[in-house]
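This report describes selected parts of one protein model.

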Amino acid sequence: MKIIICKNYEEISKKAASIVMKEIRKKPDLNIGLATGSSPIGLYKNLIEAYKKNKISFMDVKSYNLDEYIGIERSHPQSYYSFMHENLFKHIDIQEKNIHIPENDITRIDDLAADYNSELHENQLDIQILGIGSNGHIGFNEPGTPLGNETFIVTLDEQTRMDNSRFFENIDEVPKFAITMGIKNIMYSKKIVLVASGKEKAKVVYKMIKGKVTKSLPASILQLHPDCTVILDEASASVLVKKAAAEHQKFNKTVKQSPIKP
Ligand code: GLP
């Protein structure tokens, strides 16, 4: 894992956008996996700005979103379909036919996961953008999800529903189910960029990077990805930095107490 610690959210967003743009310039028809949540909004703003200044085009880019709620219509303001159009797609030149967001039509519930999964099989992602949930989820892979899962329908954790209730009138409005790429789909991406900000994420970020790889904290699997960059601000990196400093001090003390004899 490559860890980049930036000063604040603004810098995280700029850094992440510069990585994405570099990849698009290398391969204008790349497949990009996109995330929702508040974390990548700044990254999307930077991409929009670059597009408006004619620095980048998304004309041939194909996008694949990580997840979508089940139980609300695509037209609902809090659906991830609406989120992506509002925060990115409607401002750039991506073609509608190249946008892929998991379908959530409840009448087709038995086919939704398999259909999206075959699209992912046919189109390996070149880069996947991720945020992290406060319980360590990526996409909607909640703690306990088998690490070998591919796209599936998930029952959301109460913690996740609580966290996401800030976008709804109240918790009862938050859907109980969602469709999500599985960990296996995410890990199959050639490159991964995870962004996290704020002190509420500091503990989970530490566990993701330094804890053991376990299905109880799905994001920990990213330690095993060959090209994963984690971009943090000082607040979300605070536990990581504090523990590293403590370990360093402990090491120095041990070395002083037991000097190497010639
Ligand atoms: C949702 C999304 C995740 C996202 C997470 C964190 O649950 N399904 O993809 O990473 O929220 O959101 P935020 O960035 O708002 O903390």
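## Helix packing and selected residues

Leu47 has a relative accessible area of 3%, so it counts as buried. The model is a predicted one. Leu47 is part of helix H2. Setting aside neighbours within four places in sequence, Leu47 is in contact with Ala17, Val20, Met21, Ile56, Phe58 and Leu88. Its C-alpha is 18 Å from that of Thr229, a residue 182 places away in sequence.

**Helix H2**

H2 runs over residues 41–52 and has twelve residues. From the first C-alpha to the last, the helix reaches 16 Å, close to the 16 Å expected at 1.5 Å a residue. Which residues of H2 are buried? They are Gly42, Leu43, Tyr44, Asn46, Leu47, Ile48 and Ala50. An α-helix has 3.6 residues a turn, so residues three or four places apart point the same way.

After H2 comes Asn54, which is located in the loop between H2 and E3. Asn54 is not a glycine, yet its phi is positive, about 60°. Most residues other than glycine have a negative phi. With a relative accessibility of 73%, Asn54 counts as exposed.

**H2 against H3**

Two packed helices are described by the angle between their axes and the distance between the axes. For H2 and H3, the angle is about 40° and the axes are 10 Å apart. The two helices are therefore oblique to each other. By class, the contact of H2 with H3 has five nonpolar residues, one polar residue and no charged residues. On the H2 side, the residues are Ile41, Tyr44 and Ile48. On the H3 side, they are Phe83, Met84 and Asn87.

H3 has buried residues of its own: Tyr80, Ser82, Phe83, Met84 and His85. Their cover includes H2 and helix H5 (158–164). Strands take part as well, among them E2, E3 (62–65), E4 (67–70) and E5 (99–100).

**H7 against H8**

Helix H7 covers residues 202–210 and helix H8 covers residues 238–257. Their axes come within 7 Å and cross at roughly 60°. That angle makes H7 oblique to H8. H7 contributes Ala202, Lys203, Tyr206, Ile209 and Lys210 to the contact. H8 contributes Ser238, Val239, Leu240 and Lys243. By class, this contact has five nonpolar, one polar and three charged residues.

**The cysteines**

How many disulfides does the structure hold? It holds zero. A disulfide requires two cysteine sulfur atoms within 2.5 Å. The cysteine sulfur closest to that of Cys6 belongs to Cys228 and is 15 Å away, which is too far for a bond. Seen from Cys228, the closest cysteine sulfur is that of Cys6, again 15 Å away and too far for a bond. Cys6 is buried, at 7% relative accessibility. Cys228 is buried too, with a relative accessible area of 3%.

**Two serines in loops**

Ser197 is in the loop between strand E9 (192–196) and H7. Is Ser197 buried or exposed? At 18% relative accessibility, it counts as buried, because the cut-off for buried is under 20%. Leaving out residues within four places in sequence, Ser197 is in contact with Tyr9, Ile12, Asp233 and Ser236.

Ser189 lies in another loop, between helix H6 (183–187) and E9. It counts as buried at 2% relative accessibility. Residues up to four places away in sequence aside, Ser189 touches Leu125, Asp126, Ile127, Gln128 and His225. Ser189 and Asp111 are 78 residues apart along the chain, and their C-alpha atoms are separated by 23 Å.

**Accessibility values**

The table lists residues discussed above.

| Residue | Relative accessibility | Class |
|---|---|---|
| Leu47 | 3% | buried |
| Cys6 | 7% | buried |
| Cys228 | 3% | buried |
| Ser197 | 18% | buried |
| Ser189 | 2% | buried |
| Asn54 | 73% | exposed |

Note on methods:
Residues are numbered from 1 along each chain as its sequence is written. This is a predicted model: local features need pLDDT of at least 70, side-chain atom pairs count only at pLDDT 80 or more; totals for chains, interfaces and linings use all residues. Side-chain values use heavy atoms; hydrogens and water are left out. Helices (H or I, at least four residues) and strands (E, at least two) are DSSP runs, numbered from the N terminus. The expected span of a helix is 1.5 Å times one less than its number of residues. Buried means under 20% relative accessible area, exposed over 50%, partly exposed in between (1.4 Å probe, protein chains only). Axes are lines fitted to C-alpha atoms, for helices over the stretch in contact, and angles run from 0 to 180 degrees between N-to-C directions. Angles under 35 degrees count as roughly parallel, over 145 as roughly antiparallel, 65 to 115 as roughly perpendicular and the rest as oblique. Contact means heavy atoms within 4.5 Å. Ala, Val, Leu, Ile, Met, Phe, Trp, Tyr, Cys and Pro count as nonpolar, Asp, Glu, Lys and Arg as charged, and the others, Gly among them, as polar.
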